[in-house]
Amino acid sequence: MAGEASPRNKSREQKDADRTEYLGFTRAQIWGTLFLVYTATFFLFFTYRYLDDLARERVGTLGMRLLEEGTGSYTAFVLLPLVLWMARFYVQRRRARIRVVLMHVAGAVVFSAAHTTLMAVSRWAIAPLVGLGSYDYGIMLFRYPMEFSIDFVFYTITVAVFYFFERLRMAQAQQLAAAELQTKLAEAQLQNLRLQLQPHFLFNTLNTISSVMYEDVRAADAMVTQLSDLLRMTLRTANSHEIRLSQELQITRLYLEIMQKRFEDKLRVTYAVDAGLENSLVPQLVLQPLVENSVRHGLKESTAGIDISIGARRENGNLILQVADTGAGLGTLDSEAALKRGLGLANIRGRLEQLYGTGQAFSIANREAGGAEVTLRFPFHLAEPC
């Protein structure tokens with residue numbers, strides 16, 4: 001489908017995102033912060049060494065201390081990608097702990113050798129250029145093991161900090177994956193509930209049409225036409241779990257017109273929908289099962305017909321939908337038993353729970369004046385402008 005990325009493209013996009021971001025920070029932000037850290041380290045070591053010289057009454061060491069501590073910190077910063085690469089390399093390959101430790105010791109040796117060499121080369125090159133003369137770094141055979149003691153501590157701290165943030169990143173990634181999985185599961189459950197309802201509604205409507213087919217062919221023909229309009233409308237919104245209230249009311253009207261062809265003046269319908277609610281979002285096919293329930297169960301033992309009222313209002317940030325009838329009511333059934341009486345009511349409650357969680361309410365009860373009333377409450381929100 002145009003505009004949708006393939007799994008391979010999505011994988012590549014995810015990898016690109018991983019390269020440019022880490023724990024919500026861009027690469028530029030991370031490396032900028034690390035540069036500031038190394039600059040602060042340089043300043044602290046320089047201050048310590050230079051103040052030590054002043055305490056020992058050594059003068060004229062300012063330039064040399066700046067050179068030594070500056071090259072020491074910034075050459076370590078240049079080699080930082082190597083340390084991070086080695087740390088990441090060992091994280092991504094599961095090995096026994098003793099092997100990882102030995103590999104890191106080897107990595108520390110490589111880093112220290114490279115760091116000491118860079119310090120020597122940079123000092124030999126820079127010292128004459130800044131007027132400090134030739135730089136004497138001593139006998140390199142002893143300088144390498146001497147610097148290793150400090151470099152090993154630096155390497156260990158860097159790897160430990162990297163492991164800490166890597167574990168944190170992995171934990172966040174696992175939480176995100178779990179949340180996405182939970183969302184997909186809820187979406188699948190919601191889709192399953194909706195797919196259950198659609199054939200149920202179609203079969204019941206076809207049964208209604210077949211019951212009048214041999215009694216009134218014209219009425220049956222008109223009902224088939226209205227059913228076609230109804231199916232066409234439901235298919236247009238088939239990919240949406242929520243549709244505009246105006247669309248839901250139109251679907252409900254089409255269904256009731258089919259029913260009125262069969263029951264004629266025994267079925268009377270009124271609407272009480274507050275103004276301004278047309279664009280509010282409601283679950284698809286939420287009203288039709290309610291009025292179908294009223295028709296099927298309310299008219300069973302009633303010869304005087306049935307009045308059905310459909311209402312919608314906004315209240316305290318919620319949308320309230322009500323379907324009431326003057327039919328047979330629930331009798332001695334409680335609300336839980338009434339929900340088990342057919343697929344429609346239980347399906348609606350399940351979809352409300354999936355869509356709105358604890359922010360919804362579903363109730364069904366007998367009316368004092370006779371009949372039954374179903375009330376739905378869920379958060380009020382509007383459809384985006386087309």
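A residue counts as buried when its relative accessible area is under 20%, as exposed when that area is over 50%, and as partly exposed in between. These terms are used below to walk through the structure, which is a predicted model.

Start with helix α3, which runs over residues 62–78. This helix has 17 residues, and from its first C-alpha to its last it reaches 24 Å, close to the 24 Å expected at 1.5 Å a residue. Its buried residues are Arg65, Leu67, Glu68, Glu69, Gly70, Thr71, Gly72, Ser73, Thr75, Ala76 and Phe77. What is Thr75 in contact with, once its neighbours within four places in sequence are left aside? The residues are His115, Leu118, Met119 and Ser122.

Next comes helix α5, which covers residues 97–129 and holds Ala114. Ala114 has a relative accessibility of 24%, so this residue counts as partly exposed. In sequence, Ala114 and Leu79 are 35 residues apart, while in space their C-alpha atoms are 7.9 Å apart.

Helix α5 also has a part in a feature of the surface. A nonpolar patch of about 520 Å² is made there by Ile98, Val101, Leu102, Val105, Val109 and Phe152. The element that gives the most to this patch is α5, with five residues. Val109 is placed in α5. With a relative accessible area of 44%, Val109 is partly exposed, and this residue is one of those that make the patch.

The last stop is the backbone in two loops. Most residues other than glycine have a negative phi. Glu57 has a positive value instead, with phi near 60°. This residue is found in the loop between α2, which spans 27–55, and α3. Leu285 also has a positive phi, near 55°, and is likewise a residue other than glycine. Its place is the loop between β5 (281–283) and α9 (288–298).

Are Glu57 and Leu285 buried or exposed? Glu57 has 70% relative accessibility and therefore counts as exposed. Leu285 has 1% relative accessibility and therefore counts as buried.

Conventions. Residues are numbered from 1 along each chain as its sequence is written. This is a predicted model: local features need pLDDT of at least 70, side-chain atom pairs count only at pLDDT 80 or more; totals for chains, interfaces and linings use all residues. Side-chain values use heavy atoms; hydrogens and water are left out. Helices (H or I, at least four residues) and strands (E, at least two) are DSSP runs, numbered from the N terminus. The expected span of a helix is 1.5 Å times one less than its number of residues. Buried means under 20% relative accessible area, exposed over 50%, partly exposed in between (1.4 Å probe, protein chains only). Contact means heavy atoms within 4.5 Å. Patches are made of residues with over 30% relative accessible area and no salt bridge: like charges are joined within 9 Å, nonpolar side chains (Val, Leu, Ile, Met, Phe, Trp, Tyr) within 5 Å. Accessible areas come from the Shrake-Rupley method with a 1.4 Å probe; for residues, only the protein chains shown count as cover. A salt bridge is a side-chain nitrogen of Lys or Arg within 4 Å of a carboxyl oxygen of Asp or Glu.
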